[in-house]
Amino acid sequence: MSYYLGIDGGGSKTTCAIGDETAVLANVTAGPSNVVRVGEARACESLYQGVRQACTAAGITPQQITRTCIGAAGAAREETAGIVRRILEKILPPAIDVVTDTEIALEAAFGAGPGVIVIAGTGSIAYGRDSHSTTARAGGWGFAIGDEGSAHWIGRSAVSAVLRETDRTYGTAESLLHAEFTTALCRAWGVKSIFDLARTANASPPPDFAALFPAVAESKDVLALQVLSNAGLELARIAAVVISRLFAADEYKVVPVAMVGSVFRHASLTKGDFYNELRRLDPRVEIYPQLVDPVGGALRLARKS
């Protein structure tokens with residue numbers, strides 16, 4: 001019997017799926033394993049936990065895995081891919097493929113066919129492939145300068161919006177309009193005031209802005225709603241860039257698009273505005289309503305190798 005392991009190593013969680021030739025035998029979630037964001041030690045801890053829990057759930061040992069495929073952000077860089085491979089080689093047989101998170105998401109959404117996936121989790125990126133197997137990407141340049149529409153971007157934008165509004169309304173009755181939202185952001189970071197919020201935002205190393213995303217997604221404050229709406233517009237724009245590069249209007253009458261990630265899952269406003277804006281930018285798009293689970297693509301690639 002052959003057993004295959006697919007791993008989606010993300011910035012907020014790691015998902016491990018074990019299957020045989022046809023069925024999924026176990027699917028578990030562990031902590032973050034994005035080496036760039038959380039470091040090698042934390043990534044190692046999460047990967048080991050996820051692999052061992054998945055094997056236990058499937059009733060096998062790690063050494064019984066025939067082949068592993070892991071999709072990891074930043075794996076296009078050989079240095080990052082090498083770190084991930086070395087971590088896994090300590091507990092798994094050496095048949096390990098390390099690919100990018102975009103590759104497993106594309107596989108999960110479209111198999112070998114054409115289409116565009118937009119990932120909006122801790123980070124963000126758009127990635128596509130046409131019917132000639134030509135690929136293109138847009139966004140995904142990292143949390144410091146890009147990742148528009150991601151959970152990190154949403155958290156950072158929310159803090160910026162609150163601070164700008166504080167400047168405008170400080171000392172007036174109008175400042176109370178956003179007190180509940182400000183308190184929610186402070187609570188998410190464990191700070192007590194708007195000034196503590198600003199100091200934390202400017203700390204070195206940078207704080208975890210993605211940790212603020214749930215507070216923004218749950219808020220009905222106009223500032224939060226504007227940030228979430230803007231996230232949808234930003235994600236639509238990077239998707240439109242990929243579409244324009246790969247899908248010429250005279251060749252493709254329909255362009256399949258799929259969504260991936262926690263931002264789409266938990267922020268309905270972002271998802272809706274993404275849909276509407278992308279349809280406005282390119283009416284050919286056919287956006288799949290159900291979110292894609294990339295770990296299924298990793299498992300499929302493990303079986304193919």
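**Helix packing and aromatic pairs**

G111 comes directly after helix α3 and has a positive phi, near 60°. This is a predicted model: local features need pLDDT of at least 70, side-chain atom pairs count only at pLDDT 80 or more, and totals for chains, interfaces and linings use all residues. Residues are numbered from 1 along each chain as its sequence is written, and side-chain values use heavy atoms, without hydrogens and water.

User: How many residues of α3 are buried?

Analyst: Helices (H or I, at least four residues) and strands (E, at least two) are DSSP runs, numbered from the N terminus. Buried means under 20% relative accessible area, exposed over 50%, partly exposed in between (1.4 Å probe, protein chains only). Among the buried residues of α3 are D101, I104, L106 and F110. Of the 10 residues in α3, the number buried is nine.

User: What geometry do the rings of F110 and Y288 have?

Analyst: F110 sits in α3 (residues 101-110), and Y288 in the loop between β10 (285-287) and α11 (294-304). The two are 178 residues apart, so the pair links distant parts of the chain. Their ring centres are 5.5 Å apart and their planes at 65°, so the geometry is edge-to-face.

User: How far apart are the ring centres of F247 and Y252?

Analyst: F247 is buried at 2% relative accessibility. Y252 is buried too, at 9%. Their planes stand at 75°, so the pair is edge-to-face, and the centres are apart by 4.8 Å.

User: Which residues does P256 contact, beyond its neighbours within four places in sequence?

Analyst: P256 lies in strand β9 (residues 255-260). Its relative accessible area is 14%, so P256 is buried. Contact means heavy atoms within 4.5 Å. With those neighbours set aside, P256 touches F110, P114, G115, V116, E286 and Y288.

User: At what angle do α5 and α6 pack?

Analyst: Axes are lines fitted to C-alpha atoms, for helices over the stretch in contact, and angles run from 0 to 180 degrees between N-to-C directions. Angles under 35 degrees count as roughly parallel, over 145 as roughly antiparallel, 65 to 115 as roughly perpendicular and the rest as oblique. α5 and α6 are therefore oblique. The axes of α5 (residues 179-189) and α6 (residues 194-201) are 10 Å apart, at an angle of about 50°.

User: How many charged residues are in the contact of α5 with α6?

Analyst: T182, L185, C186 and W189 of α5 meet I194, L197, T200 and A201 of α6. Ala, Val, Leu, Ile, Met, Phe, Trp, Tyr, Cys and Pro count as nonpolar, Asp, Glu, Lys and Arg as charged, and the others, Gly among them, as polar. The contact has six nonpolar and two polar residues; for charged residues the count is none.

User: Which handedness does the crossing of α4 and α6 have?

Analyst: α4 (residues 151-169) and α6 pack at about 135°, axes 11 Å apart, which makes α4 oblique to α6. V159, V162, L163 and T166 of α4 meet I194, L197, A198 and A201 of α6. A crossing is left-handed if the near helix is turned anticlockwise from the far one by less than a right angle, and right-handed if clockwise. For α4 and α6, the crossing is left-handed.

Technical notes. Rings of Phe, Tyr and Trp (its six-membered ring) pair if their centres lie within 6.5 Å; planes under 30 degrees apart count as stacked, over 60 as edge-to-face and the rest as tilted.
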